[in-house]
Amino acid sequence: MILATHHLLKKYPHPTSLQIQEGLSGNLCRCTGYIRIFNAVQAAALAGVAE
């Protein structure tokens, strides 16, 4: 999940919800679902983590 997020934010520094969904689509999560993960990716993008 972390590596996919890193790649996603390098490609799209400010991704849309659809880009996040597509960027993380190859990863399965059985722990919390995806809402918190999507929120974390959006927060990282707003913080400029990829820049």
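What covers the buried residues of H3? In this predicted model, the cover over the buried residues of H3 includes H1 and H2. The paragraphs below start with confidence, then take the helices, the core and some individual residues in turn.

The protein has an average pLDDT of 90, and 100% of the residues score at least 70. Among the helices, H2 has the highest confidence, at 95, while in the protein confidence is lowest in H3, at a mean of 93. Where pLDDT is low, predicted coordinates should not be read in detail.

The buried residues of H3 are Ile-37, Val-41, Ala-44 and Ala-45. Viewed down the axis of H3, these buried residues fall within an arc of 100 degrees, so they line one face of the helix. The other side of H3 carries Ile-35, Arg-36, Leu-46 and Ala-47, which are exposed. Just after H3 comes Gly-48, with a positive phi of about 75 degrees.

Helix H1, which runs over residues 2–11, has Thr-5, Leu-8 and Leu-9 as its buried residues. Their arc around the axis is only 95 degrees, which puts them on the same side of H1. Exposed residues sit on the other side of H1, namely Leu-3, His-7, Lys-10 and Lys-11. The cover over the buried residues of H1 includes helix H2 (17–23) and helix H3 (35–47). H1 is in turn included in what covers the buried residues of H3.

Setting aside residues up to four places away in sequence, Thr-5 touches Leu-24 and Val-41. Thr-5 and Ala-44 are 39 residues apart in sequence, yet their C-alpha atoms are 9.2 Å apart in space.

Which residues make up the largest nonpolar core? This core has 10 residues: Leu-8, Leu-9, Ile-20, Leu-24, Cys-29, Ile-37, Val-41, Ala-44, Ala-45 and Ala-50. In soluble globular proteins, nonpolar side chains tend to be buried together. Leu-24, one of the core residues, is in contact with Met-1, Ala-4, Thr-5, Ile-37, Phe-38 and Val-41, leaving aside its neighbours within four places in sequence.

The loop between H2 and H3 holds both Gly-26 and Tyr-34. Is Gly-26 buried or exposed? Gly-26 is exposed, because its relative accessible area is 70% and the exposed class begins over 50%.

Tyr-34, by contrast, is partly exposed, with a relative accessible area of 32%. Not counting residues up to four places away in sequence, Tyr-34 touches Met-1, Asn-27, Leu-28 and Cys-29. Cys-29 is one of the residues of the largest nonpolar core. Tyr-34 and Ala-4 are 30 residues apart in sequence, and their C-alpha atoms are 14 Å apart in space.

Tyr-34 also takes part in an aromatic pair. A pair of aromatic rings is described by the distance of the centres and the angle of the planes. The count comes to 1 aromatic pair. The rings of Tyr-34 and Phe-38 have their centres 6.4 Å apart and their planes at 55 degrees, so the pair is tilted; edge-to-face would need an angle over 60 degrees. Phe-38 counts as partly exposed, at 22% relative accessibility, and Phe-38 is among the residues in contact with Leu-24.

Key: Residues are numbered from 1 along each chain as its sequence is written. This is a predicted model: local features need pLDDT of at least 70, side-chain atom pairs count only at pLDDT 80 or more; totals for chains, interfaces and linings use all residues. Side-chain values use heavy atoms; hydrogens and water are left out. Buried means under 20% relative accessible area, exposed over 50%, partly exposed in between (1.4 Å probe, protein chains only). Helices (H or I, at least four residues) and strands (E, at least two) are DSSP runs, numbered from the N terminus. The arc is that of the directions from the helix axis to the C-beta atoms. Contact means heavy atoms within 4.5 Å. pLDDT is the predictor's confidence in each residue, from 0 to 100. A nonpolar core is a set of buried Ala, Val, Leu, Ile, Met, Phe, Trp, Tyr and Cys residues joined through side-chain atoms within 4.5 Å. Rings of Phe, Tyr and Trp (its six-membered ring) pair if their centres lie within 6.5 Å; planes under 30 degrees apart count as stacked, over 60 as edge-to-face and the rest as tilted.
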